[in-house]
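I opened a new notebook page for a structure I had not looked at before.

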Amino acid sequence: MQDDYRLTVDHIRKHLATNTGGVVSVEHVDESGDPVRFSYAEVDRRLHRLAHGLRALGVDEGDRVGTFTWNTLEHLELFIGVPTYGAVLHTVNVRLFEDQLVYVINHAEDRVIFVASDLVATLVPIADQLPHLRHVVVCGGLDGVDTGALPGVIGYDELLSTAPDDDFAFPELAESQAAALCFTSGTTGNPKGVLYSHRSIALHASSLLGVDSFALRRGDRVLAVVPMFHVNAWGLPYASVLIDADIVLPGRDLRPPAIAGIIERYRATVMGGVPTVYSDLLAYVDRAGTDLSSLRECFCGGSAVSETLMRAYEERHGVSIIQAWGMTETSPVCTVSRAPAGVTGEDVWQYRTTQGRAVPWVDLRLVGDDDEPVPHDGRSSGELEARGPWIAAAYYADESGDDRFHDGWLRTGDIATLSPDGFLRIVDRAKDVIKSGGEWISSVELENQLTAHPAVQAVAVIAVPDAKWEERPVACVVLRDGAVVTPEDLREHLLDRVAKWWVPDQFVFVSDIPRTGVGKLNKRALRASLAITDLVAEPAR
Ligand code: AMP
């Protein structure tokens, strides 16, 4: 066998020239205001110019090249162009706070950053704190953009138009070479960098094509709502090019009317996004009567997906929401939730509400407090560990001696059960789990059950200290517009669904729940904003 064949992003790049699909970039409009579709063949030509441009900017092999932008054509070009040039694509989360931005850009030692014109203003105030930065390339036009003290500013279009027209000699790279870098969302401490190799990106993208995984296929129109700075948009851009599916990139406006309009207009067949994207979209499409019939399957992960949400899409719009589990450290996709063959009707839900089964090449196991094995019996819970060819073995340039990696396995920080037939159920994040009277209460399960109440728009369940029980749950609830409900109603609702001692002692009605930069419930911020330790627990047992 040709065991020395290299699994690199360059193989993905080479598909561009022969592909018949293309990129719909909502940010790029023609004279009549219509979004432009760029054929993959055009993207291929632009990639040669981009590579010449990177050379002109003095980028060397192995250098980190940052991106600070939305899901756009340029971002897709950088996804492929930077790794194939031999540099490392560092996708910076546009929602980071200033000090985190400074930290990640400096930790990565980004030499060049490609930034969306409307995000330049976020970088200007920190320009003097970025000693490694040599150039800032502005995507989307420089007109009227104040670039302050940012160094070596140039427009993306100018970079490409002034580059030579001849083919760039893309280097032969080792598959183990670094291709991309992404930092964890880091709700505590500094974000940690995860370095993806060419090989891990290639294998992970191939895995998404499996019929029991995302089953992407030629001719699909893949709408990536998940940001490209969130774990490489889950690999959707790479997989789409590999299989010659169109990729639809929505740009900066991710509000429901914009997303609904894109689905209808481009007849998207597949979509990827976090649960909040789908729940906000649902409220809109129910009202607006949007035609979602083009959607074959929608992939959803990043936090637990409630049965209520999945059923609403299925029953009201005929759209299947498929849950997947993963994390920045795992590229991300490790499990995908599909009912086994032969299971039909109501029975499918007991599978589809789990996080699913591991895709090929991913191993999962559970361990207890002292690292002892926990049985995969569907009942016993332990910390989930994972290993496989697209799972990180260390954090990037990390001095902290993190103990997340041991024995060839990644400790995920998720508490889970695994059934004998391999279905994963996430019980909680280890740091969010509620310990009451020595037993665990799953905040995820309580949130799922409360979301099923018709008055509840969103909910986060957090722990408060309790003198007797150690911790007790408190539910912070956002009600739907116009809904009226009492804590007693919610208590009644839960009593039918969970153990009595799980029922939260308090229901706090809030107008909004803070989110992390990638749209997850930010329980840390919620705890802080509620000064939750001051809440008086009022036992409901
Ligand atoms: P991140 O690295 O920001 O993508 O966060 C990864 C974490 O998100 C995981 O460790 C889980 O806690 C959570 N997560 C991702 N997907 C799911 C899912 N389908 N269900 C529950 N939690 C999830």
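The entries below go through a sheet, a hairpin, the ligand and a few single residues.

**Entry 1: the model.** I noted at the start that this is a predicted model.

**Entry 2: the open sheet.** I looked up the strand order of the open sheet. Its 7 strands follow the order β7-β6-β5-β3-β4-β8-β9, and the pairing is mixed. I then asked which strands stand at the edges. They are β7 (153-155) and β9 (193-197); each has a single partner strand, so one side of each has no neighbour in the sheet. From one strand to the next, the twist averages 25 degrees.

Strand β5, residues 112-116, and strand β6, residues 135-139, are joined by 5 bridges in the parallel sense. V112 has H135 as its bridge partner in β6. I also checked what packs on the sheet: helix α4 (residues 98-108) does, and it touches β3, β4, β5 and β8. The direction of α4 makes about 160 degrees with that of β8.

**Entry 3: T67.** I stayed with the sheet and went to strand β3, residues 64-68, where T67 lies. Is T67 buried or exposed? T67 is buried, because its relative accessible area is 0%, and the cut-off for buried is under 20%. I listed its contacts beyond four places in sequence: H75, L78, L89, H90, T91, V92 and F114. With H75, the T67 side chain makes a side-chain polar contact of 2.9 Å.

**Entry 4: the hairpin of β1 and β2.** I moved to strand β1 (residues 22-29) and strand β2 (residues 35-39), which run antiparallel and are joined by 5 bridges. G22 of this pairing stands opposite S39 in β2. The hairpin has 5 residues between the strands, and G33 takes a positive phi near 90 degrees there.

I looked for another partner of β1. Strand β11, residues 246-249, pairs with β1 in the parallel sense over 3 bridges. V24 stands opposite V248 in β11.

**Entry 5: the ligand.** I asked how many residues surround the ligand. There are 15, and the closest are A324, T328, D414, R429 and K520. Strand β14 (residues 320-326) gives the most to this shell, with 4 residues.

- G302 has a polar backbone atom 3.0 Å from a ligand nitrogen.
- A324 has a backbone N or O atom 2.8 Å from a ligand nitrogen.
- Q355 has a polar side-chain atom 2.9 Å from a ligand nitrogen.

Taken alone, the ligand exposes 500 Å², and the protein buries 92% of that.

**Entry 6: W234.** I found W234 in the loop between β10 (221-224) and α8 (236-243). W234 counts as buried because its relative accessible area is 6%. Not counting residues up to four places away in sequence, W234 touches a list of residues that includes H204, L208, V226, F299, C300, P332 and V333. I also compared W234 with G326: they are 92 residues apart in sequence, and their C-alpha atoms are 9.0 Å apart in space.

**Entry 7: P332.** P332, one of the residues touched by W234, is in the loop between β14 and β15 (333-336). The peptide bond that joins S331 and P332 is cis, with omega about 5 degrees.

**Entry 8: positive phi.** I kept a general point in mind here: most residues other than glycine have a negative phi, and most peptide bonds are trans. A215 has a positive phi near 50 degrees. A215 is in the loop between α7 (198-208) and β10, and is buried at 14% relative accessible area. D407 has a positive phi near 65 degrees. D407 lies in the loop between β19 (405-406) and β20, and counts as exposed at 61% relative accessibility.

**Entry 9: R411.** I ended in strand β20, residues 409-418, where R411 is found. R411 is buried, with a relative accessible area of 16%. Beyond four places in sequence, R411 touches D371, E383, L384, E385, D403, R404 and H406. A side-chain polar contact of 3.5 Å joins R411 and H406. R411 and V29 are 382 residues apart in sequence and 45 Å apart in space, C-alpha to C-alpha.

Key: Residues numbered from 1 in each chain as written. Predicted model: local features only at pLDDT ≥ 70, side-chain atom pairs only at ≥ 80, totals over all residues. Heavy atoms only, no water. Helix = DSSP H or I, 4+ residues; strand = E, 2+ residues; numbered from the N terminus. Buried < 20%, exposed > 50% of the residue type's maximum accessible area, 1.4 Å probe, protein only. Polar contact = N/O pair within 3.5 Å; in protein donor to acceptor, adjacent residues only side chain to side chain. Contact = heavy atoms within 4.5 Å. Pairing = 2+ DSSP bridges. Axes fitted to C-alpha atoms, helices over the stretch in contact; angles between N-to-C directions. Near = heavy atom within 4 Å. Areas by Shrake-Rupley, 256 points an atom, 1.4 Å probe, with all protein chains shown as cover.
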